[in-house]
Amino acid sequence: MNGGPIRLVFLLMLGAVGFVLLIACANVANMLLGRAVERTREVSVRAAMGASRWRLVRQLLVESVVLSAMGGVLGLVLARFGISAFGKAVEDVGKPYWIDFSMNYVVFGYFAALTILAGIIFGLAPALSASRVDLNETLKEGSRSSGGVRSGYLSGALVVFQFTLAVVLLSGAGLMIRSFLIAQNEFTGMNGAQVLTSRVTLPRSRYPKPEDRQQFFERLLPRLASMPGAPEVAMVSNAPGEGGAGWRFEVEGKPVAEAARRPAATAVVAGKGYLQLVKLSLLRGKDFEDTDGLPGKETVIVNQNFVTRYFPGNDPIGKHVRLYDRENKPRPWMTIIGVAPDFRQQNPVDQSTDPVILLPYRFENYSTMAVLLRTQGSPAALTPGMRSEVQQIDPDLPLFDTLTLAERFGRQRWYLTVFGTLFLIFAVVAMGMAALGIYAVMAHAASRRTREIGVRMALGASMGSILTLMLGRGVKQLALGMVLGLAAAFAVCRLMAKLLFMVSPSDPLTFVTVTLTLGVAGLAAVFFPARRAARLDPLKALRYE
């Protein structure tokens, strides 16, 4: 999966896109409702001249689809430029090669169909509302609309709907961004930007015996250590965060007869000096020596989590454990000689620090190992020298996956970088559209109530009372949308649990931040039209038509 449950990621992204589309469509529907109210007299005149309701609905739907198509064309142009720019921005974050951010004819067809369908569906309610007129009432009232109250309720419901979706989107984006920031700081103590890593794979055809593989690395590591600018050199089978082999084991004095019930730990093969190179100072005991792993010197280093689970309240130094291979055959007893601090060995999806055991290379040698060099200058400058030293021992042996340790950590979290950024973009767009939607509704409502406001002010209403009157409806819609959105976000964000890194799906900091951010944006959108209405000149307001 290359760092995450990718199917879940894409499903959530599809949901986020759908939410943004629904918010945009709700905005357009609100705009069409406002126009429908203003055009009530026009529609009534058409109906009085013999136009059927279906003909009126058809005319209004055509206008809606044309508007949707124009927006779709503009969106298509922006999408082509946006996708290209985003693809270039994330091409070096470690995403899999098969994730291609580009558009093809299938995407275009889906896009065109969705554009037309959105125009029809979200233009239907305003069209039906506008075509439902009482000719006698409407024509008697002149330019005033009798459908204003009905459309006002529908408009308010659309605003609540927009804010509900915006809260869900912003909450999901906030959790992803929180995960990304925490993950960014996880291994900062290792100063991974100064550690150059590269993988070496010894072909079994040329290195069939364990002794051959041991001899190769015994020759390579001193040569690398002699390079200028590389004061520390070590090797490991899996760098932090890259997983490891799962081994079942047995603690001396605690036998488990049934193989399936034996405890398991993540095993990493490491050379002398590895823990020191990655700044993981031993809590107790000592590091491996050159002879560790040979018959009679079977040793192991464990992390603090291992000690807490299997030696609670006891000093593990000098105690013995033994591994069981895939055929459930016991390996020699190993003596615990050191305790390392806890660190995450599994990938970011597995958030807990599992029990980890470090094995000396002479005990369990692999064909593929990662070589690490802590550098004093630019790590990239040592790459040619590292390759040269390897090829002086074996000219046909390539280096691959040459990266700094920091780059390795970044690639483990590629999906947090890529999709967290996309979620944030969607959430910001959604918040902006929701705020714009409630602003437009409030401005339209203030415009329609201009004469009423003029009458109230002429009768002695203060600016404060007018402001309170205009704010009331908008604040209620905003509050209801926020409450429904938070309830929906708590449910939806639980689906993201597998994607989050050391962040709870109900993280209080994220939800408080989302509530404050969206609340401020919504209140600003409500306040400015209300303030403008409260500042009206009563004489001009009374003359307003």
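Select the second largest pocket first: 19 residues line it, and L221, M235, G271, K272 and D290 lie nearest its centre. The model is predicted, so local features need pLDDT of at least 70 and side-chain atom pairs count only at pLDDT 80 or more, while totals for chains, interfaces and linings use all residues. Residues are numbered from 1 along each chain as its sequence is written, and side-chain values use heavy atoms, with hydrogens and water left out.

**Stop 1: the pocket**

A pocket here is an open set of points on a 1 Å grid over the protein atoms alone, where a 1.4 Å probe fits, with protein on both sides within 12 Å along at least five of seven lines; lining residues have an atom within 4 Å of a point. The space in the second largest pocket is about 460 Å³, a volume filled by probe spheres set on the points.

Now colour the lining by class. It divides into ten nonpolar, three polar and six charged residues. Ala, Val, Leu, Ile, Met, Phe, Trp, Tyr, Cys and Pro count as nonpolar, Asp, Glu, Lys and Arg as charged, and the others, Gly among them, as polar. Two elements give two or more residues to this lining: α7 and β2 (232-236). Helices (H or I, at least four residues) and strands (E, at least two) are DSSP runs, numbered from the N terminus. α7 gives the most, with six residues.

**Stop 2: α7 against α10**

Select 210-225 for α7 and 383-393 for α10. Axes are lines fitted to C-alpha atoms, for helices over the stretch in contact, and angles run from 0 to 180 degrees between N-to-C directions. The crossing is right-handed, that is, the near helix is turned clockwise from the far one by less than a right angle.

Show the side chains next. F216, R219, L220, R223 and L224 of α7 meet M386, E389, V390, Q392 and I393 of α10, where contact means heavy atoms within 4.5 Å. Six of these residues are nonpolar, one is polar and three are charged.

Click R219, in helix α7. Its relative accessibility is 43%, so R219 counts as partly exposed (between buried, under 20%, and exposed, over 50%, with a 1.4 Å probe and protein chains only). Draw a line between the C-alpha atoms of R219 and I393: it spans 7.9 Å, for residues 174 apart along the chain.

**Stop 3: α13 against α14**

Move to α13 (450-458) and α14 (463-492), which pack at about 150 degrees with axes 10 Å apart. This crossing is right-handed. E452, I453, R456 and M457 of α13 touch I466, L469 and M470 of α14. The contact has five nonpolar, no polar and two charged residues.
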